[in-house]
Amino acid sequence: MNQTDVVVVIATLQAAEGKESQVEEALRTAVRAVHAEPGCERYALHRGSSSPSTFVMVEKWASGQALRVHGKGPALAELGKTLDGLLAKPMDLQFLTPLPDGDPQLGAL
């Protein structure tokens, strides 16, 4: 695999007030399902240290094609249904192209 094929995604979600535990459980369920998807190299859930209602998913996909398949897959469809009405605002997605440098283990996700 060529490093330039890799796609990194940062997905930020803001839970509606009082819905934090429901959002967390929905995301945890998605994590377990997505880990089995072809091309998934990382799908890691984080919570904001200073904002417990903010959740950040750090994703790494082997290719744009793997990400497109994920986007149309059952795990994301189910997550979308489950999160309906639980978010304070629409999810923010950032799509990134890695620019590795230095130590191969430290200079790239």
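## Helix H3 and its packing

The buried residues of H3 pack against E1 and H1. In this predicted model, those residues are Ala 75, Leu 79 and Leu 83. They lie on the same side of H3 because they cover an arc of only 60 degrees around its axis. An α-helix has 3.6 residues a turn, so residues three or four places apart point the same way.

On the other side of H3, Pro 74 and Lys 81 are exposed. Gly 85 follows H3 and has a positive phi, near 85 degrees.

## The largest nonpolar core

The largest nonpolar core contains 22 residues, of which Val 23, Leu 27, Tyr 43, Trp 61 and Leu 83 touch the most other members. At least two residues of this core come from each of strand E1 (7-14), helix H1 (20-34), strand E2 (40-47), strand E3 (54-61), helix H2 (64-71) and helix H3 (74-83). H1 supplies the largest share, six residues.

For Val 23, the residues touched are Ala 15, Phe 55, Leu 83, Leu 86 and Leu 87, leaving aside residues up to four places away in sequence.

## Helix H2 and His 70

In H2, the buried residues are Ala 66, Leu 67 and His 70. They are on the same side of H2, because the arc they cover around the axis is only 100 degrees. The elements covering these buried residues include E1, H1, E2, E3, H3 and strand E4 (92-96).

His 70, which is found in helix H2, has a relative accessible area of 3% and is therefore buried, the cut-off being under 20%. Not counting residues up to four places away in sequence, His 70 touches Val 34, Glu 37, Tyr 43, Glu 59, Trp 61 and Leu 76. Two of these contacts, Tyr 43 and Trp 61, are also among the core residues that touch the most other members.

## The largest pocket

The largest pocket holds about 180 Å³ of space. Its lining comprises 16 residues, and those nearest its centre are Glu 59, His 70, Leu 76, Met 91 and Leu 93. Two or more lining residues are given by each of E1, E3, H2, H3 and E4. H2 gives the most, with four residues.

By class, the lining has twelve nonpolar, two polar and two charged residues.

Note on methods. Residues numbered from 1 in each chain as written. Predicted model: local features only at pLDDT ≥ 70, side-chain atom pairs only at ≥ 80, totals over all residues. Heavy atoms only, no water. Core = buried A, V, L, I, M, F, W, Y, C linked by side-chain atoms within 4.5 Å. Buried < 20%, exposed > 50% of the residue type's maximum accessible area, 1.4 Å probe, protein only. Contact = heavy atoms within 4.5 Å. Arc of directions from axis to C-beta. 1 Å grid on protein atoms, 1.4 Å probe; cavity = no way out; pocket = protein on both sides within 12 Å on 5 of 7 lines; lining within 4 Å. Points joined across faces, edges and corners; volume = space filled by probe spheres on them. Nonpolar A, V, L, I, M, F, W, Y, C, P; charged D, E, K, R; others polar.
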